[in-house]
Amino acid sequence: MATAVTASATAATRFTRLAGAGLLRSSCRLRTAVRFQRPGLTTTALLRPTELKPKDQGQPETLDYRVFLVDGGGRKISPWHDVPLRAGDGVFHFIVEIPKESSAKMEVATDEAFTPIKQDTKKGNLRYYPYNINWNYGLLPQTWEDPTAANADVEGALGDNDPVDVVEIGERRANIGDVLRVKPLAALAMIDEGGLDWKIVAISLDDPKASLVNDVDDVEEHFPV
């Protein structure tokens with residue numbers, strides 16, 4: 001079971017500084033848990049994320065279903081390795097794995113070619129949340145939570161060996177594989193089966209309320225529960 005252990009109300013400023021330092025330095029609480037890339041992997045760092053489109057393969061809610069990301073020429077690329085993290089001016093790219101108001105537990109297949117998005121399984125069965133989630137959920141490209149790095153600020157927990165997760169709270173329901181530009185608002189550390197699993201709370205720049213929301217206090221005001 002996952003448990004929340006810390007949160008930051010100034011994540012937008014801290015995370016921007018963090019990314020500029022290579023996700024390795026500064027006083028931000030992510031400093032010991034996150035790296036840009038897994039060792040040994042390369043990236044083309046595509047310069048036109050707006051041209052990227054998701055492409056389905058197979059039938060949804062089956063074991064073989066995959067959503068690939070393709071460029072303007074129809075070539076498959078990796079949503080994890082090939083999309084640049086930063087979009088400029090403190091803005092980051094976000095890959096949607098699980099659309100708002102859906103329950104299928106989708107995730108990037110980190111061990112497959114081009115790291116497509118697939119539905120997670122447990123003991124051979126497709127996994128679902130017990131309810132439709134109320135946000136778009138996904139990952140920050142070119143990030144990785146290092147399982148060999150202990151974070152003293154979070155009970156000495158080690159990274160979970162996955163990309164950093166994002167919870168995008170805007171009003172629009174995105175699609176699996178969409179690439180959105182988001183503004184970070186807060187950081188929440190979760191301990192999930194002993195691994196450190198960071199959640200970045202963010203909002204899409206295309207959301208009508210994006211200019212009004214800059215930290216967790218604004219979230220409480222403009223997105224009341």
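This is a predicted model: local features need pLDDT of at least 70, side-chain atom pairs count only at pLDDT 80 or more; totals for chains, interfaces and linings use all residues.

Trainee: What is the volume of the largest pocket?

Mentor: The lining of this pocket comprises 35 residues, and those closest to its centre are Lys-105, Tyr-137, Asp-192, Asp-197 and Lys-199. The space in the largest pocket amounts to about 1200 Å³.

Trainee: Which strands each supply at least two residues of that lining?

Mentor: Strand 17 and strand 18 run antiparallel and are joined by 10 bridges. Both belong to the set asked for, which consists of strand 7 (91-98), strand 8 (106-108), strand 12 (136-139), strand 16 (165-168), strand 17 (179-192) and strand 18 (195-204).

Trainee: Why is strand 17 described as largely enclosed by the rest of the structure?

Mentor: Buried here means under 20% relative accessible area. Strand 17 is largely enclosed because, of its 14 residues, the number buried is 10.

Trainee: Which residue is the bridge partner of His-93 in strand 17?

Mentor: Strand 7 pairs with strand 17 in the antiparallel sense, over four bridges. In strand 17, the partner of His-93 is Arg-181.

Trainee: Which residue takes a positive phi in the hairpin of strand 17 and strand 18?

Mentor: Met-190 stands opposite Asp-197 in strand 18. The hairpin has two residues between the strands, and the residue with a positive phi, near 55°, is Glu-193.

Trainee: What is the volume of the second largest pocket?

Mentor: Its lining includes Trp-135, Phe-223 and Pro-224, and divides into eight nonpolar, two polar and two charged residues. The volume of the second largest pocket is about 330 Å³.

Definitions and conventions: Residues are numbered from 1 along each chain as its sequence is written. Side-chain values use heavy atoms; hydrogens and water are left out. On a 1 Å grid over the protein atoms alone, a cavity is a set of points where a 1.4 Å probe fits but cannot get out, and a pocket is an open set with protein on both sides within 12 Å along at least five of seven lines; lining residues have an atom within 4 Å of a point. Grid points are joined across faces, edges and corners, and a volume is the space filled by probe spheres set on the points. Ala, Val, Leu, Ile, Met, Phe, Trp, Tyr, Cys and Pro count as nonpolar, Asp, Glu, Lys and Arg as charged, and the others, Gly among them, as polar. Buried means under 20% relative accessible area, exposed over 50%, partly exposed in between (1.4 Å probe, protein chains only). Two strands pair if DSSP finds at least two bridges between them.
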